[in-house]
Number of protein chains: 2
Amino acid sequence: MPESIPKDSVGIVKPETVNFEEPITLQSGKVLPHFQLVYETYGTLNSDKSNAVLVCHALSGHHHAAGYHAMGDKKPGWWDTAIGPGKAIDTNRFFVVAVNNLGGCHGSTGPTSINPDTNKKYGPDFPIVTCKDWVNSQVRLSDHLGILQWAAIVGGSLGGMQVMQWSIDYPERIKNAIVIAAAPKLSAQNIAFNEIARKAILSDADFHDGHFYEKGTIPKTGLILARMLGHITYLSDAAMREKFGRELRDGAISFDYDVEFQVESYLNYQGEVFSKNFDANSYLLMTRALDYFDPAQEYDHDLAKAFAQASCNFLIVSFTTDWRFSPARSEEIVEALLEAKRNVSYAEIDCPQGHDSFLLDVPRYTQLFKAYMDAIQLEAAVTTSEESN
Amino acid sequence: MPESIPKDSVGIVKPETVNFEEPITLQSGKVLPHFQLVYETYGTLNSDKSNAVLVCHALSGHHHAAGYHAMGDKKPGWWDTAIGPGKAIDTNRFFVVAVNNLGGCHGSTGPTSINPDTNKKYGPDFPIVTCKDWVNSQVRLSDHLGILQWAAIVGGSLGGMQVMQWSIDYPERIKNAIVIAAAPKLSAQNIAFNEIARKAILSDADFHDGHFYEKGTIPKTGLILARMLGHITYLSDAAMREKFGRELRDGAISFDYDVEFQVESYLNYQGEVFSKNFDANSYLLMTRALDYFDPAQEYDHDLAKAFAQASCNFLIVSFTTDWRFSPARSEEIVEALLEAKRNVSYAEIDCPQGHDSFLLDVPRYTQLFKAYMDAIQLEAAVTTSEESN
């Protein structure tokens, strides 16, 4: 809890909301007649609007990426290690925008919003959205902010997938793509983990086919199981060993099924907290967006052909102990970019923390990320007749 | 389904049951006043009883390890690839005993047995058993069969843990220990997977605190989730990719939460089958036995000191793509055996199938396993006064 705001913080921040009254057609064919996005900004947009950086969030993230909402907040935004004055995404230099994705549960239109057709919460009737839909909605936000071209779009994990989608779908609107701890599509194992998490939620008696709001319940057990399972994949085996080992809460085994090992206790706690803060319908939707992400699909399943659309520079970062999206998965991205003759830098960071590393201040990673960002030259997008065609 | 029994099969087999009327004191301090074990045997015990091989099963295994119970059986026993005439455990040479563990649900005394105190099924009141308890109960079976010393005790995964426990607790009764795809104790990540599986069962509304028999229910969803989760850890990422990739059942995504990907379909099917064949209380108990296994604990947490008790020869086998119990975990066993100056052979088998490899006919593995077994010399245990002290 900051009694005073740290010097390298963006300070007290306030979310903003924008309403888009034009309908948006989703990849599923469904249409949202109107929608809102909640976002935060850090730093100052320069006069030629050439210093804007968009931050895309991962599975359980949101728009509160840096700073504090109030003095006394226990924690800063989820990526405060990376965003702030003098940090990797230096707010002395960049104007940073962090948005809550469509379908989320932190203020942007999603399952907990009112469905204009029924005047009740959408719940399970909220359409499934994809990375392409997110990018399309983020383009609306860019237009609203008057940002023709982002100096960089940055994201880890599912956030990195949105960055790739941007580079392919809107090449003229992104100068640098920073893709951290991501993959070009999910593996069968990744999908399997998502399926079990979904099944835990869908089969929770308190889920009521997604209509739990009206019943005054939440599928707490399902959400807890889903989060516990997620957590296993976020941490490396080594990080878990380092953090918990086989330590027992009470020093001795009790020959029952109570929570005994520290790791059980930790996961249960993480699950409990999550179940209070996250909407089950949003969780289902986010995991399906992960499953469906596969930008190569529209290009004859050829990722290089997909990336041939892109014109930005790429920084791809992976972590040695990430087994959710291992370095090999990042290398698939790098290979495709090289084949497409794109400008790509790649770093595999040697650190023990697993997938979660992208959220942490791992010195080598932070230095490298900062060096890349610092080297970005800020020039307004030149809209020549050639480029605008 | 064999219309005729394959030549290299042990043929039609029949389980046998033995009742032990002497009480057994468990590691927890609880006492079972009497118990029964169900087992199968293959091959013929020789006159000096020097050719007996004990097979210990893993989490969801049982005593039906080889052959068929009847013509028309869809599948042979779970380790039919390894047990039979001319196979790795050659029944032309060895007398093989496979037992269902105490606490199981296939005929040995367990949660579905009648509790003599209440004349109802034990259910959740069946005491938690450990690998040490299993070994102690298997010693009773050895005595019953008149087997003073096993030519070999063999097991994969949790089965391998029982083999290690035998070598430490009853060194004079085992000549060769074959430990396949095991670990000297669970990692925090292993425990975490077990905890989620248990939580899925324990929180299933149909579990009724383990008293579901009386309610006429089974915690089907919990069992399905537990089994699906287990399956992810039994297969390598590569094996899943090879087997399912991102193939869709119906060729196109449907923008909903129905089972769409082949891998989802497979896991759901496996879970469904398992939920019909396995007892939830047994499953809880088996996972706890895994969590608790740690033979070094009694020896100042020094595995070498534990293995210094052993006098048998060891074969340790691991598989390159096994991420449940990786080769590094087998190497911990090998290191401790070397430090204890035991006679140990170690093989890391390069194959893509992951943890499940131990159940499969992987040629290099089968050859090596067979070569080791074939080289075992059959000599009756010599009980000198020195050795019997």
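Let's start here: which residue forms a salt bridge with Asp80(A)?

Modeller: Happy to. This is a predicted model, so a few ground rules come first: local features need pLDDT of at least 70, side-chain atom pairs count only at pLDDT 80 or more, totals for chains, interfaces and linings use all residues, and side-chain values use heavy atoms, with hydrogens and water left out. Residues are numbered from 1 along each chain as its sequence is written, while chains are lettered from A and ligands numbered from 1 in the order in which they are written.

Now your pair. The partner of Asp80(A) is Lys87(A), and their closest N and O atoms are 3.1 Å apart. To count as a salt bridge, a side-chain nitrogen of Lys or Arg has to be within 4 Å of a carboxyl oxygen of Asp or Glu. Asp80(A) and Lys87(A) are both buried. Here "buried" means under 20% relative accessible area, "exposed" means over 50%, and "partly exposed" is in between (1.4 Å probe, protein chains only). The areas themselves come from the Shrake-Rupley method with a 1.4 Å probe, and for residues only the protein chains shown count as cover.

Let's hop over to chain B. Asp143(B) and Arg173(B) meet through their side chains in a salt bridge of 2.7 Å, N to O. This pair links distant parts of the chain, 30 residues apart: Asp143(B) sits in helix 1 (residues 131-145), and Arg173(B) in the loop between helix 2 (158-169) and strand 12 (176-180). Helices (H or I, at least four residues) and strands (E, at least two) are DSSP runs, numbered from the N terminus. What about cover? Asp143(B) counts as partly exposed because its relative accessibility is 45%, whereas Arg173(B), at 10%, counts as buried.

Another chain B pair is Arg198(B) with Asp291(B), again a salt bridge, with the closest N and O atoms 2.7 Å apart. Arg198(B) lies in helix 3 (residues 188-202) and Asp291(B) in helix 8 (residues 280-292), so the pair ties together parts 93 residues apart in sequence. Both Arg198(B) and Asp291(B) are buried.

Some salt bridges join up into a network, and one brings in both chains: Glu195(A), Arg198(A), Arg288(A) and Asp291(A) are linked with Glu260(B) and Glu264(B). Over all chains, a search of the whole structure finds 36 salt bridges.

What about charges without such a partner? Glu331(A), Glu335(A), Glu339(A), Glu348(A) and Asp350(A) form a negative surface patch. Patch residues have over 30% relative accessible area and no salt bridge; like charges are joined within 9 Å, and nonpolar side chains (Val, Leu, Ile, Met, Phe, Trp, Tyr) within 5 Å. Lys and Arg count as positive, Asp and Glu as negative, while His and the chain ends are not counted. Each charge is placed at NZ of Lys, CZ of Arg, CG of Asp or CD of Glu. Helix 10 (residues 327-339) of chain A gives the largest share of this patch, three residues. Asp350(A) lies in the loop between strand 14 (343-349) and helix 11 (363-374) of chain A, and counts as exposed because its relative accessible area is 68%.
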